[in-house]
Amino acid sequence: MFVDEVKLRVIAGTGGDGCTAFRREKFVPNGGPDGGNGGKGSNIVFVVDQGLKTLLDLKFSKEIKGKNGEHGSGKNQYGKSAEDLIIKVPEGTTVTDAETGVIIADLVNKDDSVIVAYGGRGGRGNKAFATASNPAPDISEHGEPGEKREIKVELKLIADVGLVGMPSVGKSTILSKVSRANPKIAAYHFTTLSPNLGVVKTNDNRVFVMADLPGLIEGASQGEGLGDKFLRHIERTRVICHVIDMSGMEERNPYEDYLLINKELGEFSSKLMNKKQIVIANKMDADGAKDNLDKFKSKVNVPIYEISAINNDGLDKVMIAIADLLDSIEEEPLYKEAEIESHVLYKFKKEKPFTITKESGIWIIRGDHIEKIFKMTKFTTNDSILRFINRIKKMGIDDELKRLGAISGDTIRIMDHEFEYVE
Ligand SMILES: Nc1nc2c(ncn2[C@@H]2O[C@H](COP(=O)(O)OP(=O)(O)OP(=O)(O)O)[C@@H](O)[C@H]2O)c(=O)[nH]1
Ligand SMILES: [Mg+2]
């Protein structure tokens, strides 16, 4: 099964909790704070594995979840950080944030890797909170929640050349003759249901990768037939090999086929129309092929390579022509800078500032940052609660509540917890 698109949720590990503890030693009645920090939660990391060819492994996991960090403990012992969770993906994998559409990473090279969700840091133990004015703080934090996001994972083949054309024109036959690939070949349409790749070595020892794609029909760019599902794989090729059946079998008109395929390529993306094309006239062994070719040539003024794939006739020459063309084209970056917000290096999405709304008489405070602070606070000691209140003040939440008309005794809600507001 060829799987080239998967949607899933990634949840990195949450940091371990920090610890509140005090030294207890002989002859030291009030020892200082010695609660250690929690360990970091695991990052979720995608790494290229060249042995993989599809996203099949990811297909059945709706959710990937990282391990949590260990909690800190007394005697200033730090919790152990969780190891990164490594997920192997094939070369050519693109990871996109499903909510924003921002490309997180484009894993196109051998050892590329990217953190798709960051693990939360460990909560601090009370030792970390000690200051001159509060040398024995009764505060420690919960670990930071791991990052959670919906992602789309897509595989775009990386081939230098893509074979395109109507169904049954002989694309798979060509690939089978010029490479070691062994695609299915048959006299019915849509024999090829997913792309095949083959490595081609020319007579003069030049090497390139060729992709054989499923046949295109009218409306492919709008999703007809196997449709545009595979057209995106051509976006990354540098040369398009346009294969035309000159036999006139199936009452096909080579000229109309040629126009139609170009129209579909152009409608899918202008990028495809601007790619260099090599036009191949196949099945030249068939009766009437010569006449059809002459008619074709009278209407189209592009170089055409005549072959009979089945007899392995003319293929060497075409492969040399393709290699020459590839050599003449500068390797383009896969994406222009402007198209991609971050390349492999991924940034945290901006945390939204808080919002306050009044619903059924209750003030509800929402926002990524405030929710994170809330989750990390242990509401079990006065020191912790005081610290939380101070942070709320610092964020301006207190002022905003006042401005909106909150008065002492009102109820405030953050996530599923309620508090009483005190002016
Ligand atoms: N006479 C003749 N028949 C050919 C030639 N090349 C391919 N064929 C036949 O054309 C039919 C289709 O060939 P495929 O290679 O499967 O065609 P395709 O373009 O990959 O087709 P789809 O995968 O369905 O899009 C098969 O029966 C082949 O044997 C050729 O040079 N001459
Ligand atoms: Mg085929």
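Predicted model: local features only at pLDDT ≥ 70, side-chain atom pairs only at ≥ 80, totals over all residues.
User: How do you know how far to trust the model, and what is its average pLDDT?

Analyst: pLDDT is the predictor's confidence in each residue, from 0 to 100. The chain averages 88, and 93% of the residues score at least 70. One stretch is set apart here: over residues 334-349 the pLDDT stays under 50. For that stretch the model has 34 contacts beyond four places in sequence.

User: Are serine 172 and threonine 192 buried or exposed?

Analyst: Both are buried. That term means under 20% relative accessible area.

User: What does α2 lie across?

Analyst: Helix α2 lies across β9 (161-164), β10, β11 (207-212), β12 and β13. Against β10, α2 runs at about 45°.

User: Why is the sheet of six strands said to have edges at β10 and β14?

Analyst: The order is β10-β11-β9-β12-β13-β14, and the sheet is open, with mixed pairing. β10 and β14 each have a single partner strand, so one side of each lacks a neighbour in the sheet. Neighbouring strands of this sheet are turned by 25° against each other on average, direction ignored.

User: What makes β12 and β13 a pair?

Analyst: Bridges. Two strands pair if DSSP finds at least two between them. β12 and β13 have seven, in the parallel sense. Therefore they pass the test. One bridge joins aspartate 245 to asparagine 282 in β13.

User: Why are the buried residues of α6 said to be on the same side?

Analyst: The buried residues of helix α6 (residues 289-299) are Ala289, Asn292, Leu293 and Phe296. They cover an arc of only 100° around the axis, and this puts them on the same side of α6. The face turned away from the buried side carries the exposed residues Asp291, Lys295 and Ser298.

User: What do the buried residues of α6 pack against?

Analyst: They pack against β12 (239-245), α4 (254-268), β13 (276-282) and β14 (304-306). The helix α6 itself lies across β12, β13 and β14. Its angle to β14 is about 175°.

User: Why is β2 called largely enclosed?

Analyst: Strand β2 (residues 44-48) has five residues, and four of them are buried, so the rest of the structure largely encloses it.

User: Which strands does β2 pair with?

Analyst: Strand β4 (residues 85-89) runs parallel to β2, with five bridges joining them. There, valine 47 has lysine 88 as its bridge partner. Strand β7 (residues 113-117) pairs with β2 in the antiparallel sense over four bridges. Valine 45 stands opposite isoleucine 115 in β7.

User: How do you know that β15 and β16 pair?

Analyst: Count the bridges again. The test asks for at least two. Strand β15 (residues 355-359) and strand β16 (residues 362-366) have five, in the antiparallel sense. One of them joins lysine 358 to tryptophan 363 in β16. Their hairpin has two residues between the strands, and serine 360 takes a positive phi near 50°.

Methods. Residues numbered from 1 in each chain as written. Chains lettered and ligands numbered in written order. Heavy atoms only, no water. Buried < 20%, exposed > 50% of the residue type's maximum accessible area, 1.4 Å probe, protein only. Arc of directions from axis to C-beta. Contact = heavy atoms within 4.5 Å. Axes fitted to C-alpha atoms, helices over the stretch in contact; angles between N-to-C directions.
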